[in-house]
Amino acid sequence: MTSKALEFRADSIGYRDAVIIRDVAVSLEAGEIAAVFGLNGSGKSTLLRGIAGIADAKNGKLSIDGVEQRVRTPEVLASSGLRMILQGGRVFRGLSVAEHLRLAVGSGREPPALLRGLLDVIAPVMRREAGVLSGGERQMVSVVCALLAEPRILLADEPTLALADDVVNDVLGVIRAVSRATGMAVLLAEQHVKSAVGVATRALLLRAGRITLDEILSTDAERAEVLTILNQPETQMNVPDVQTSAACQVATE
Ligand SMILES: Nc1ncnc2c1ncn2[C@@H]1O[C@H](COP(=O)(O)OP(=O)(O)O)[C@@H](O)[C@H]1O
Ligand SMILES: [Mg+2]
């Protein structure tokens, strides 16, 4: 039996004494993209942070490619092939975009061809310091840097937040293409529900502190069914399309 790319279990994840999610079990095959949905504050970021060792996981147990990761610091996990795109596109403010890319890809290596389209998008700001970039540009830099590292596991916390409408599907499309080409497994927290359901192979829903749905998405019918569930009043995701969610972002930036 081949081992899972990622296997994570925890009694709970939270911050010190505050329990945010209980009975957590997430497993991903190589090449799988599991989209995590849930209202604001439902714990999507907390789930990803718990796996990455930056939120407190009680009795947390993580295996990558069947190897248990007893030490779960970000550096150790990175060396095991795990990368996280933090919500909001974290960058080193004083480094230029070109310097970010050199750090991510290492010297003397060519970026994978699949990333050329995204690199073209950030080409105009290559010499600028990351601290002066717009939210969308910063977000794009952090997505590109994570993918340049060629991770086995990508934890992507709203990688399309603050991106222009036409770039949202490009970014998700590249994540899917990289996943298919390299077997990278992805856990993707997303607000662009329709776009995310379109690229995901699994859907998870966080509600009232638990994972209440974990469905395979392989057919159009399965995708339509999950969109219906996410649109129900109690989940209130309202399946935003790209236009409406972009309008919200402009209002909150
Ligand atoms: N560092 C923290 N300390 C305490 N509580 C936190 C912290 N970060 C987030 N929370 C709480 O955890 C809950 C889930 O937040 P989060 O995981 O960011 O949700 P989502 O990503 O789904 O919007 C919220 O109630 C939030 O207030
Ligand atoms: Mg979040």
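**Notebook: fold, sheet and ligand shell**

I counted secondary structure in the protein chain and got 9 helices and 11 strands. Here helices (H or I, at least four residues) and strands (E, at least two) are DSSP runs, numbered from the N terminus. I then looked up the radius of gyration: it is 17 Å, close to the 18 Å of the globule rule for 253 residues, so the chain is as compact as a globular protein of that length. That radius is taken over C-alpha atoms, and the rule is 2.2 Å times the number of residues to the power 0.38.

I noted the ground rules. This is a predicted model, in which local features need pLDDT of at least 70 and side-chain atom pairs count only at pLDDT 80 or more, while totals for chains, interfaces and linings use all residues. Residues are numbered from 1 along each chain as its sequence is written, and chains are lettered from A and ligands numbered from 1 in the order in which they are written.

**Whole chain**

I boxed the C-alpha atoms along the principal axes and got roughly 45 × 40 × 35 Å. Buried residues make up 40% of the 253. A residue is buried if 20 or more other C-beta atoms lie within 10 Å of its own, exposed if 12 or fewer, and partly exposed in between, with C-beta atoms placed from the backbone. For contacts between residues at least 6 apart in sequence, I found that 70% join residues at least 24 apart. Contact means C-beta atoms, placed from the backbone, within 7 Å.

**Open sheet**

I traced 6 strands in an open sheet, ordered S7-S8-S9-S3-S10-S11, with mixed pairing. Strands S7 (82-85) and S11 (210-216) are at the edges with a single partner strand each, so one side of each lacks a neighbour in the sheet. The twist averages 15° from one strand to the next. Two strands pair if DSSP finds at least two bridges between them. I checked S3 (residues 33-37) against S10 (residues 202-207): they run parallel, joined by 4 bridges. Ala35 has Ala203 in S10 as its bridge partner. Helix H8 (residues 220-230) packs on the sheet and touches S3, S10 and S11; its direction makes about 160° with that of S11. Axes are lines fitted to C-alpha atoms, for helices over the stretch in contact, and angles run from 0 to 180 degrees between N-to-C directions.

I followed S1 (residues 6-15) into S2: they run antiparallel, with 9 bridges. They form a hairpin with 2 residues between them, and Arg16 in the turn has a positive phi of about 50°. Phe8 stands opposite Val26 in S2. From Phe8 I went to Glu68, 60 residues apart along the chain, with 9.6 Å between the C-alpha atoms. Glu68 lies in strand S6 (residues 67-68). Glu68 is exposed, with 9 other C-beta atoms within 10 Å. Leaving out residues up to four places away in sequence, Glu68 touches Lys61 and Ser63.

**Ligand 1 and H1**

I listed the residues around ligand 1; among them are Tyr15, Gly38, Asn40 and Lys44. Near means a C-beta atom, placed from the backbone, within 6 Å. S2 (18-28) and H1 (44-51) each supply at least two shell residues. H1 gives the most, with 3. I looked up H1 burial: 8 of the 8 residues are buried, so H1 is largely enclosed by the rest of the structure. Just after H1, Gly53 takes a positive phi of about 80°.

Note on methods:
Contact = placed C-beta atoms within 7 Å.
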